[in-house]
Amino acid sequence: MPKNSKVTQREHSSEHVTESVADLLALEEPVDYKQSVLNVAGEAGSKQKAAEEELDAEDRPAWNSKLQYILAQIGFSVGLGNIWRFPYLCQKNGGGAYLVPYLVLLIIIGIPLFFLELAVGQRIRRGSIGVWHYVCPRLGGIGFSSCIVCLFVGLYYNVIIGWSIFYFFKSFQYPLPWSECPVVRNGSTAVVEAECEKSSATTYFWYREALDISDSISESGGLNWKMTLCLLVAWSIVGMAVVKGIQSSGKVMYFSSLFPYVVLACFLVRGLLLRGAVDGILHMFTPKLDKMLDPQVWREAATQVFFALGLGFGGVIAFSSYNKQDNNCHFDAALVSFINFFTSVLATLVVFAVLGFKANIMNEKCVVENAEKILGYLNTNVLSRDLIPPHVNFSHLTTKDYMEMYNVIMTVKEDQFSALGLDPCLLEDELDKSVQGTGLAFIAFTEAMTHFPASPFWSVMFFLMLINLGLGSMIGTMAGITTPIIDTFKVPKEMFTVGCCVFAFFVGLLFVQRSGNYFVTMFDDYSATLPLTVIVILENIAVAWIYGTKKFMQELTEMLGFRPYRFYFYMWKFVSPLCMAVLTTASVIQLGVTPPGYSAWIKEEAAERYLYFPNWAMAILITLIVVAVLPIPVVFFLRHFHLLSDGSNTLSVSYKKGRMMKDISNLEENDETRFILSKVPSEAPSPMPTHRSYLGPGSTSPLETSGNPNGRYGSGYLLASTPESEL
């Protein structure tokens, strides 16, 4: 922050400071303490504004308990991605080998930056706009970009909750509606629906009954009324949860954050008792070490770390801004990060235990179908019975016996083997195709549950868990939008929150068209990823290189009462920015080398086909990315050329119920004392203990504690919890 403001220059002038200021500092009670504001910058209009901002900070809502706050952070960070995206990435990127790059990046990027966001939110007690405006006014656009990214994510994320609501209500019937293909009657003849017969019952239900999907993004197909109603229900639930801020959302978190763990524990126990569960778990954690050297794996691991912890969204900052100043946010960062990783691993165990069970069932089904083909060939003399090993019993055919018979036939009938149409029926193949991105929840896992005893019960529990996971993340996402806007522009909280939900519902109708799933892919895979990496790297630069890592560490020491590990100093200063710069570059190159596309469901083929986005869709995609990052250069330009005030030329002193609140912007501590009391520092009694500059790792603590009750502040005054008195 600049040191040459009007306030600092004033200390060298001969103007006399009014006697009332000295009286006030002598602890004489002002007549009207709510209006007692001294503005020495010469801006008359800022007096009332400064007083209102500081009194607002004093009256800022707070969490009812530490548990409520921790559950809110867990609810925001642990979301739907932990259930289907993390297992998908593990399966895709080498099983257990994927855990290595993920853990490395979690330690050197995830936890340090999560701690950074927690700390700045708690210290400054504002949403993302106010925080980054204060830390570095020229980079104040970071906060606006965070709000826009939260809006983009919230628009499609609540659609996924709508899907879960649809499946939840469909689960209250037996048998489950996706357990069998529908039968179509043509006169007196009943035939199975062709699209379903070519694919599977669960795949057909997902694409045709739930989404009623079109063949491409260019075919709108009109609104899907069932999903439109589900989206309305989803936004109604979110609106009721966040309309009162943390007073309402905090209570919701007790259920939405804890219930998913109850369900995961039940599914884990049930899954481990299923036949074939061990096969799925072993397949999952068998590492393919060559994947560890693939740069693409590291890029996807870093992206998953960002999304898993909610970095750059502003929700982490918003939640921490309602904390007390002495809260140990370092402990919170480590705890929430560990729980998040633990949840991902737990969900992966559950998913692959259940999918191992499903793979065994499908493999046995494959063996039976192909054995019937072989019997047909034997009866028609296409194959000789001499090819069948004598111990093979077709009435009790095992997978091992079938593989032995399959290998013999393939060896003897090498030239004609392809015409026989026999499948190898390998369990490994079934496990490899089990995970299908977001289709994991609505196709693969859903199909596995149809084989459970009491399948409707498990289906209800599963989709209720998804709804709660999504709700927790949506509450944090909405906080990333509403908290900074309400803090900055002082709009009515309830009215603005309801307005956001109504606006988002109508914009979200884009995603409940018959082609809506393709737009979800566009927003999920592309529109948020690159802007998030830009936001996070600029957050790091703003604190570590512009505000100053040493200064920030000193502020943390004062706030926490202990000096954070020197590990964070090096991560914030060097390692994390370098890693994120490489990640951003890789993301841009990947976007340029591989044209963005999506998996389209082709009705006639009853199969997926990868299609590239058309030109108009690419224009929308590029526009979304540009809009998300545009506030950063715009705010920088306006403040660099002094077209937008950064509020750095205001010094105010206000009082509330005997507590002193000071704006010490652009002043060093000695400058402030010398200016207000018109004395040199040695002659003025300081309300704060002596501070020593923090010199980085290895230096002594910058805080000399005195004999005051809390051990961190000197006697006489308590610093108020306002942005103007922090950092």
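This is a short tour of a predicted model, stop by stop, with what to select and what you will find there.

Before you start, note that residues are numbered from 1 along each chain as its sequence is written. Because the model is predicted, local features need pLDDT of at least 70, side-chain atom pairs count only at pLDDT 80 or more, totals for chains, interfaces and linings use all residues, and side-chain values use heavy atoms, with hydrogens and water left out.

**Stop 1**

Zoom in on leucine 469, which sits in helix H21 (residues 455–489). Helices (H or I, at least four residues) and strands (E, at least two) are DSSP runs, numbered from the N terminus. Is leucine 469 buried or exposed? At 5% relative accessibility, leucine 469 counts as buried; buried means under 20% relative accessible area, exposed over 50%, and partly exposed in between (1.4 Å probe, protein chains only). Leaving aside neighbours within four places in sequence, leucine 469 is in contact with Gly75, Val78, Gly79, Leu80, Ile83 and Pro260, where contact means heavy atoms within 4.5 Å.

Stay in helix H21 and pick serine 473. Serine 473 is buried, with a relative accessible area of 6%. Not counting residues up to four places away in sequence, serine 473 touches Gly75, Phe76, Val78, Gly79 and Tyr157.

Now select serine 256, in helix H12 (residues 246–272). Serine 256 is buried as well, with a relative accessible area of 3%. Apart from residues up to four places away in sequence, serine 256 touches Asn468, Leu471 and Gly472.

**Stop 2: two crossing helices**

Show helix H5 (residues 80–92) together with helix H20 (residues 439–449). They pack at an angle of about 80°, with their axes 9 Å apart. That makes H5 roughly perpendicular to H20. Axes are lines fitted to C-alpha atoms, for helices over the stretch in contact, and angles run from 0 to 180 degrees between N-to-C directions. Angles under 35 degrees count as roughly parallel, over 145 as roughly antiparallel, 65 to 115 as roughly perpendicular and the rest as oblique.

Which residues make the contact? Display Ile83, Trp84 and Pro87 of H5, then Leu440, Ala441 and Phe442 of H20. By class, this contact of H5 with H20 has six nonpolar, no polar and no charged residues. Here Ala, Val, Leu, Ile, Met, Phe, Trp, Tyr, Cys and Pro count as nonpolar, Asp, Glu, Lys and Arg as charged, and the others, Gly among them, as polar.

**Stop 3: an enclosed helix**

Next, select helix H10 (residues 201–210). Nine of its ten residues are buried, so H10 is largely enclosed by the rest of the structure. Among the buried residues of H10 are Tyr204, Phe205, Trp206, Tyr207 and Arg208. To see what covers them, show helix H8 (141–170), helix H9 (194–198), helix H11 (225–242), H20, strand E4 (597–602) and strand E5 (607–612), which are included in that cover.

**Stop 4**

Most residues other than glycine have a negative phi, and most peptide bonds are trans. Here are some places to look for something else.

Go to aspartate 212, in the loop between H10 and H11. Aspartate 212 has a positive phi of about 45° although it is not a glycine. At 28% relative accessibility, aspartate 212 counts as partly exposed.

Then find tyrosine 174 and proline 175, joined by a cis peptide bond with omega of about -5°. Proline 175 lies in the loop between H8 and strand E2 (183–186).

Finally, select cysteine 425, in the loop between helix H18 (417–420) and helix H19 (427–432). Cysteine 425 is not a glycine, yet has a positive phi of about 55°. Cysteine 425 counts as buried, at 4% relative accessibility.

**Stop 4: asparagine 370**

From cysteine 425, step to asparagine 370, which touches Tyr402, Gly421, Leu422, Asp423 and Cys425, not counting residues up to four places away in sequence. Asparagine 370 is found in helix H16 (residues 329–379) and counts as buried at 1% relative accessibility. What does its side chain reach? The side chain of asparagine 370 reaches the backbone oxygen of cysteine 366 at 2.8 Å.

Note on methods:
Polar contact = N/O pair within 3.5 Å; in protein donor to acceptor, adjacent residues only side chain to side chain.
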